Amino acid sequence: MTTDAAREGAPKIPGVLLAGGLARRMGGGDKPMRTIAGRTILDRVIARLAPQCDGLIINANGDPARFAPFGLPVIADSVADFPGPLAGILAALDWVAANRPDVSLVLSAAADCPFLPRDLVSRLHAALIAENAQLAVAASDGQSHPVIGLWNVSLRDELRHSLVIEDIRKIDRWTARYPLATVTWPVTPLDPFFNANTVEDIAEADRLAALDGE
């Protein structure tokens, strides 16, 4: 089967899975390692994004060995002592600039979203081009999901300045500075951007997995 990433003329867009959350509402630990219907959340995220992306990396702090079974590069935040998804996105942009100089865009996704759309990259990229935007983010049910989007590698120095000098931590505060495309997905039969934050969410995700056919 030809994937989005493999289609002739498709841009090379690697993906970063943001796995830096502390899972306080679950009692700590790595949320992506929790199990839904017999599979870890992270395994589900990888299965969704691997066919769409030109390679995947994981952003997580602490001992990277805990992610070794997934066989993906693990990168820590490149801004010290800065918790939050913007730091993870910057780490990914820095890693891509150093290791993939042929790449201009990076997809970011929360590693605790097990039902991501199978057309995530293609629709975000199409909107980016159609609207002549520099960034693109996902939305559903009237809500933007700025952690899930396309990021221009050329903006990494501006992002670093915003984090280090301006102490900007909210993603939408930073994206508001640039031409931004927002792409909305339907929420039937389920919201593809459902994320597991609590123990109750895990139970709900088990039910949703059946609706999703997995």
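This is a predicted model: local features need pLDDT of at least 70, side-chain atom pairs count only at pLDDT 80 or more; totals for chains, interfaces and linings use all residues.
1. Residues are numbered from 1 along each chain as its sequence is written, and side-chain values use heavy atoms, leaving out hydrogens and water.

2. On confidence, pLDDT is the predictor's score for each residue, from 0 to 100. The protein chain averages 89, and 89% of the residues score at least 70.

3. Strand 6 covers residues 105-110; strands here are DSSP runs (E, at least two residues), numbered from the N terminus. Because 6 of its 6 residues are buried, strand 6 is largely enclosed by the rest of the structure. Buried means under 20% relative accessible area, with a 1.4 Å probe and protein chains only. Leu105, Leu107 and Ala109 point one way, while Val106, Ser108 and Ala110 point the other.

4. Strand 6 has partners, where pairing requires at least two DSSP bridges between two strands. Strand 1 (residues 15-18) runs parallel to strand 6 and is joined to it by 4 bridges, with Gly15 partnering Leu107. Strand 8 (residues 143-152) pairs with strand 6 in the antiparallel sense over 4 bridges, and there Val106 stands opposite Trp151.

5. Cys53 counts as buried at 5% relative accessibility, and Cys113 counts as buried at 3%.

Notes:
Buried means under 20% relative accessible area, exposed over 50%, partly exposed in between (1.4 Å probe, protein chains only).
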